[in-house]
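Subject: Structure for you to look at

Hello,

Please find below the structure I said I would pass on.

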Amino acid sequence: MPATTSPILVALDYHDLNSALQFIDRIDPSQCRLKVGKEMFTLFGPSLVKTLQQRGFEVFLDLKFHDIPNTTAHAVAAAADLGVWMVNVHASGGARMMNAAREALLPFGKDAPMLIAVTVLTSMDEDDLKGLGITLSPAQQAERLARLTRDCGLHGVVCSAQEAAHFKQVIGQDFALVTPGIRPAGSDAGDQRRIMTPQQAKFAGVDYMVIGRPITQSADPAATLQQILQSLQEA
Ligand SMILES: O=c1ccn([C@@H]2O[C@H](COP(=O)(O)O)[C@@H](O)[C@H]2O)c(=O)[nH]1
């Protein structure tokens, strides 16, 4: 049984452990899963993941591995040893790297985490891609990488909710779409460029919406999470 059917993955991007724990003390594992990213994992390591799991939360370890196939495969297996629910790599690491990551999870059988790949970061727009010498639009480049990810047998991709409806049609209904860049109406976009509201993301068919600062930097993070959940039920 999954710990929750909630589509919300809260990006637990806190600099100090107490603020993170104060927040999770006020929420329930039925309300969301938790995403541990580069900031908190670098600060607090695997023990943070264990703490969250002991409190009943499923954890998405968002370290976006991007390295040679051998190193990436071992890193993904180490994440699986931690018992995380989801782990990710960068699709731009290529097919050999993604295949090595997938194969590294085979020994874990039904206990393996979901393995997904980042397409084009939601903070990037057309100009950012041009600076890298990529002349496709973010949506076109994300589609190209999503198709490659599917062909490598991964479970899904990180993309923008703006791309979700099209990807569900052309890549497959069962291919999981995990979408950061979610901004409730009126909240600050910050460094995100390809954004949607939670309700728009739901209508677009996303499977999991990643929400960080709109929750964690609100005056009352637990209440904000509850309001977003309520707005999704009413949508
Ligand atoms: O394309 C991507 C991939 C990952 N992220 C991560 O999601 C959260 C978003 O946080 P917000 O505060 O809601 O912007 C953050 O941890 C990123 O590292 C992403 O934004 N885009």
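Helix α3 (residues 69–81) and helix α4 pack at an angle of about 35°, and their axes are 8 Å apart. Here an axis is a line fitted to C-alpha atoms, for helices over the stretch in contact, and an angle runs from 0 to 180 degrees between N-to-C directions. Helices (H or I, at least four residues) and strands (E, at least two) are DSSP runs, numbered from the N terminus.

Before going on, note that this is a predicted model, in which local features need pLDDT of at least 70 and side-chain atom pairs count only at pLDDT 80 or more, while totals for chains, interfaces and linings use all residues. Residues are numbered from 1 along each chain as its sequence is written, and side-chain values use heavy atoms, with hydrogens and water left out.

Back to the helices. α3 and α4 cross in a right-handed way; a crossing is right-handed if the near helix is turned clockwise from the far one by less than a right angle, and left-handed if anticlockwise. On the α3 side, Pro-69, Thr-72, Ala-73, Val-76 and Ala-77 meet Arg-96, Met-97, Ala-100, Ala-101 and Ala-104 of α4. Contact means heavy atoms within 4.5 Å. Sorted by class, this contact has 8 nonpolar, 1 polar and 1 charged residues. Nonpolar covers Ala, Val, Leu, Ile, Met, Phe, Trp, Tyr, Cys and Pro, charged covers Asp, Glu, Lys and Arg, and the others, Gly among them, are polar.

The crossing of α1 and α2 is right-handed. From α1, the contact uses Leu-17, Ala-20, Leu-21 and Ile-24, and from α2 it uses Met-40, Phe-44, Leu-48, Thr-51 and Leu-52. By class, the contact of α1 with α2 has 8 nonpolar residues, 1 polar residue and no charged ones.

Next, two strands. Asn-88 is in strand β4 (residues 86–90). Is Asn-88 buried or exposed? Asn-88 has 0% relative accessibility, so it counts as buried (buried means under 20% relative accessible area, exposed over 50%, partly exposed in between, with a 1.4 Å probe and protein chains only). Leaving out residues up to four places away in sequence, Asn-88 touches a list of residues that includes Asp-62, Lys-64, Ile-116 and Val-158. A polar atom of the Asn-88 side chain lies 2.8 Å from the backbone nitrogen of Lys-64.

Lys-64 lies in strand β3. Lys-64 is not a glycine, yet its phi is positive, at about 45°. For background, most residues other than glycine have a negative phi.

Asp-62 is also placed in strand β3 (residues 59–65). Asp-62 counts as buried because its relative accessibility is 6%. What joins the side chains of Asp-62 and Lys-35? It is a polar contact of 2.6 Å, that is, a pair of N or O atoms within 3.5 Å; within protein, one must be able to donate a hydrogen and the other to accept it, and residues adjacent in sequence count only if both atoms are side-chain atoms. Apart from residues up to four places away in sequence, Asp-62 touches Lys-35, Val-36, Gly-37, Lys-38 and Asn-88.

Last, two loop residues and one more strand residue. Pro-113 sits in the loop between α4 (95–104) and β5 (114–118), and it is buried, at 1% relative accessible area. Beyond its neighbours within four places in sequence, the contacts of Pro-113 include Trp-85, Leu-105 and His-155. His-155 lies in the loop between α6 (138–151) and β6. With a relative accessible area of 39%, His-155 is partly exposed. Val-157 is found in strand β6 (residues 156–158) and is buried, at 0% relative accessibility. Setting aside neighbours within four places in sequence, Val-157 is in contact with residues including Ile-116, Ala-146 and Phe-175.

Regards
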